[in-house]
Each structure stands twice: as C-alpha cells, then as structure tokens.
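Please open the model in your viewer and keep the sequence panel beside it.

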Amino acid sequence: MMSALATNGHGPPVELRGLHKGFAGRPVLHGIDLKVEPGEIFVIMGPSGSGKSVLLKHVIGLEKPDAGEVLVGGESMAAEAALDRHRMAMVFQSGALLNSLTVAENVGLYLAEHRLKSQDDIDQIVTEKLLLVGLAGEGEKIPAELSGGMKKRVAIARALVMEPELLLYDEPTSELDPLMAATVGREIVNLKQRQHVTSIVVSHDRDLAFGIADRVAIMREGRILCVGTPAEVRRSGDARVKEFLEVSFKKDNTQETS
Amino acid sequence: MFRDIGKMVLLFWRAACSLPQVWQQRRKVFEQLFEIGNASLFMACLLSLFIGGVMALQIGPTMDERGLQRFVGGMVGLAICKELGPVMMAVLIAGRIGSAITAEIGSMRVYQEIDALRTMNIDPVHYLVLPRLAAIMVALPLLVIFAVLVGWMGGALVSVYNPDIRVTFALYWNNLGDLVGFGDLAHGLIKSIAFAVVIGTVACHQGLQTIGGPRGVGRSVTKSVVNAIVLILVLDYVLTRVMIHL
C-alpha cells in the first residue's frame with residue numbers, strides 16, 4: 001500500500017538507461033538514455049510514431065523493455081511492486097476513462113479503491129478537481145456523453161486526485177481549445193511549484209512545450225536527437241530538430257490568385 | 001494452447017488469492033449477479049423445460065414398451081440433475097455471460113482503461129476478474145438448482161400427457177424421489193461450480209488478452225465461448241469419471 005497522500009519532498013528522479021524496445025520485430029526505441037531531475041518539467045517532443053508514448057509507458061511500467069532499464073527514484077521499475085514505492089499518475093492521450101463509471105466515479109476511483117478517504121471527503125475532492133479543470137457540475141455524466149476535450153480534462157482531474165510524485169502526460173493539450181490548453185499548462189507548472197512533482201510531458205504542442213518545460217528532448221525514429229533547456233534546443237544545429245521546430249503551414253498565395 | 005491454459009490457471013490462482021477481499025468488491029459482485037440473473041433466468045427456464053420434456057419423450061416410450069415406465073421419473077431426474085442441468089446451464093452462461101464479460105474486458109483493454117487502472121495501482125484481477133468470477137460461482141449453481149427443478153417438471157408434463165408413456169404424476173415423482181438422492185444433486189452442483197470457474201476464468205483471460213481494436217474484441221469473444229464450451233465438456237467427462245468412484 002502506498003504512503004500517505006501529502007507529499008513534502010521533491011518528486012523522484014527518473015533515469016532511462018539504454019532502453020530498447022521493438023514490436024513484432026520492428027524496433028521502436030533504440031537505446032534511449034535520459035535523465036529527468038527531481039521536480040523537473042521535462043517535455044519530450046517529436047513527430048508521430050517516433051516512440052514518445054512507448055517511452056512514457058516504460059516509465060510507468062506499462063511496457064517492459066527488451067533491453068535497458070528504467071529507474072524511478074533510483075529503483076528499477078522492473079522490481080516487484082515498483083508502483084507501491086512512488087505515487088505515479090499518467091494522463092493518457094485518449095483519456096482512458098472507465099466507460100462504465102460516471103465522471104465523478106472516474107475521478108474519485110483511486111481514492112475509493114485504495115480506501116484513502118471517506119466517501120464525503122472523496123466527493124469534496126472530486127468537486128474541487130472538476131472545478132479546477134472547468135467541469136464543475138458534470139460529475140454525473142458518463143464518459144460517452146463528453147467531448148474529446150472534456151474527457152481529457154476528466155483524465156487530468158483523475159490524475160490530480162492522486163497527488164502524484166511523478167506525473168506523466170501523453171499529449172495533454174490535444175483536443176483542447178487554446179484557453180483550456182493554457183489552463184492545463186498552468187496546472188502542470190502549479191503542481192511543480194506546489195508539490196515539486198516531477199513531470200514528463202509528451203507533446204506536439206510547441207507553445208506548451210516551450211512555455212512550461214525546464215528541459216526539452218526532441219525524439220525521432222526512436223532516438224533522442226537533443227536534450228537541453230528550451231533556449232538550448234532552439235539553438236540546436238541539428239537540421240532534423242530545426243525542421244521539427246520551425247515547420248509551419250503557409251498558404252500558397254499563387255494558387256489563390258490564379 | 002498450453003500457454004493459454006497456463007495463463008488461465010495463473011489468472012485463476014491470482015483471483016483465488018484475492019478471494020478474501022471479495023467483500024470489498026461486493027457492490028460489483030451484486031451488480032454481476034443481477035446481470036447474470038436478468039440475462040439468463042428466462043432462457044434457463046425455457047431450456048430446462050424442453051430438455052426435461054425431450055428426455056421424457058426419448059426414453060419414455062421405449063421404457064413403456066418394455067414395461068419399465070415406472071422408472072421414467074428416476075431416469076429423467078438423474079439425467080437432468082447429474083448431467084444435463086449443469087452442462088446445459090454452463091453452455092448457456094458461457095454463451096450469454098462469458099461472451100459479455102470478454103467483450104467488456106476486451107473493450108477496456110483496447111481503449112486503455114486497464115492500463116489506466118494499472119497506473120492507479122489498481123490490480124485488474126482484483127477490480128475486474130474477482131467480482132465476475134465470484135458472481136458466476138454463486139449464480140451458476142443457483143441456476144442449476146432452478147434448471148433441475150424446471151427440467152423435472154418438463155419431464156413430468158411430457159410423461160403424464162404423452163399417451164405413449166403411461167405414467168401418472170404420482171408415479172413419476174415417487175420414482176424420481178426414490179432414485180435421485182442428495183448425493184446426485186451434489187454431483188451436479190459440484191460440476192456447476194467447476195464449470196463456473198472455467199467460464200469466468202476463460203472469459204476474463206480472453207478479455208485481458210485482447211489486442212487490435214473492435215475486430216480483436218470480436219475474435220476474443222468467439223475464442224472465449226468456443227474454448228469455454230470445449231473445456232466444459234472435457235471437464236465434464238473428467239469430473240464424472242472421478243465422481244463415479246466417490
């Protein structure tokens with residue numbers, strides 16, 4: 001069973017050593033080495049299919065590496081009951097809400113299943129967290145009645161309820177409007193400031209990444225191209241990094257006028 | 001196949017180990033019991049009535065020709081409580097409830113709900129498998145008792161009202177009472193508990209193994225029902241062989 005809910009210290013450091021992973025003979029991660037410092041917001045960016053989400057799943061123990069290891073707080077995630085030692089949460093790209101439960105039951109699930117609070121306290125915490133993500137009064141709905149963005153916000157509320165030491169976000173702002181995306185970004189920073197949570201964020205959202213990150217890693221085809229502060233990454237001389245950071249859609253004026 | 005059986009044994013063992021915590025999941029167990037009862041009771045009743053009737057129809061005239069009609073009640077009673085009741089109910093539950101469990105857990109797997117549970121340090125075996133397994137293990141023996149009673153009634157109706165079988169209600173029930181003992185009923189109930197374990201374990205295992213989207217869910221459901229029925233029939237022979245010598 002996990003420790004008490006209140007977290008006073010910093011979130012744990014995370015270290016990936018020589019992480020290799022393949023599916024059906026197709027390599028996805030090619031020897032990833034990374035170190036995320038305690039209490040840091042670390043953003044991993046890269047094109048679709050570059051292995052970012054797979055990497056995130058290794059950190060929380062949902063995938064087992066073919067080679068290499070993941071250390072959280074200096075302890076291997078391959079060890080027995082690794083999730084018992086550090087409170088971790090993950091916000092999935094799809095939300096991954098339990099469709100048979102209401103929004104409120106989803107958000108309070110962790111507290112209810114681990115019997116950490118009374119039902120009255122759980123109800124109060126759930127109401128607070130739903131208010132925080134702009135979903136006050138939506139607790140009795142079922143996930144099927146929510147839009148993609150609302151599901152994502154419920155998933156964030158569900159993760160916040162756990163008061164995690166390590167929080168992983170898989171595309172936290174996809175399907176969110178810019179205002180809500182900014183709210184989510186602020187909440188990621190607030191969690192760091194309030195509880196010194198270690199956050200690993202996988203995102204395509206350049207505004208979010210450079211707005212919240214202490215450090216950024218750019219990933220492509222299962223390899224880390226560069227790691228550094230946002231300023232250092234922007235200055236990177238790697239053409240593939242530049243391409244990813246600078247590409248933008250430009251309207252073809254010649255077509256319009258013809 | 002052997003790997004699958006090994007995984008199922010392991011899954012059942014993990015669920016059995018968390019059995020002492022089943023009280024914590026009582027709400028889900030009652031929900032599942034309601035689902036099973038709601039989905040199966042009418043079908044169980046109908047199936048048993050006709051199975052009992054067909055049994056009487058098959059053996060009644062033949063026994064009557066040989067002057068053995070007074071044994072029809074006992075024959076129908078024994079066949080239903082030791083064999084047909086447990087097996088037919090198990091097949092019904094594998095088709096109706098086992099498939100639903102596989103589809104539900106399979107969808108949860110495909111849509112990452114089970115991954116989400118794991119990240120919350122909630123064991124899917126404790127949260128999903130245990131309540132379903134416990135509910136089937138309670139519901140199937142109850143359904144079998146119900147089915148046996150209705151099946152006997154079906155046999156009685158056909159025996160009495162079919163002119164080729166010259167048996168009265170009293171003769172039918174007296175003979176059934178003489179030949180069918182508590183041990184025979186226990187025989188059927190022990191089988192039904194074993195079948196419940198097979199159905200619950202196979203259904204949950206196939207659900208947890210689902211990959212590949214909606215098509216994967218469909219594949220898992222088919223596999224779950226087929227595997228469960230095959231295992232039920234094999235286990236039926238093994239249990240019958242063992243219990244004959246007890």
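Two residues are in contact here if their C-beta atoms, placed from the backbone, lie within 7 Å. Helices (H or I, at least four residues) and strands (E, at least two) are DSSP runs, numbered from the N terminus. This is a predicted model, in which local features need pLDDT of at least 70 and side-chain atom pairs count only at pLDDT 80 or more, while totals for chains, interfaces and linings use all residues. Residues are numbered from 1 along each chain as its sequence is written, and chains are lettered from A and ligands numbered from 1 in the order in which they are written.

Begin with helix 8 of chain B, residues 213-244, whose 32 residues reach 46 Å from the first C-alpha to the last, close to the 46 Å expected at 1.5 Å a residue (the expected span being 1.5 Å times one less than the number of residues). Its buried residues, including V217(B), V221(B), L231(B) and I232(B), pack against helix 3 (72-110) and helix 7 (182-208) of chain B. A residue is buried if 20 or more other C-beta atoms lie within 10 Å of its own, exposed if 12 or fewer, and partly exposed in between.

Along its principal axes the C-alpha trace of chain A spans about 60 × 50 × 40 Å.

In total, 16 residues of chain A are in contact with 11 residues of chain B.

Move on to G149(A), which lies in helix 5 (residues 148-161) of chain A and is partly exposed, with 17 other C-beta atoms within 10 Å. Leaving aside residues up to four places away in sequence, G149(A) touches E175(A), L176(A), D177(A) and M180(A).

Finish at strand 9 (residues 215-220) and strand 10 (residues 223-228) of chain A, which run antiparallel and are joined by five bridges; two strands pair if DSSP finds at least two bridges between them. I218(A) stands opposite C226(A) in strand 10 of chain A. In this hairpin, with two residues between the strands, E221(A) takes a positive phi near 50 degrees.
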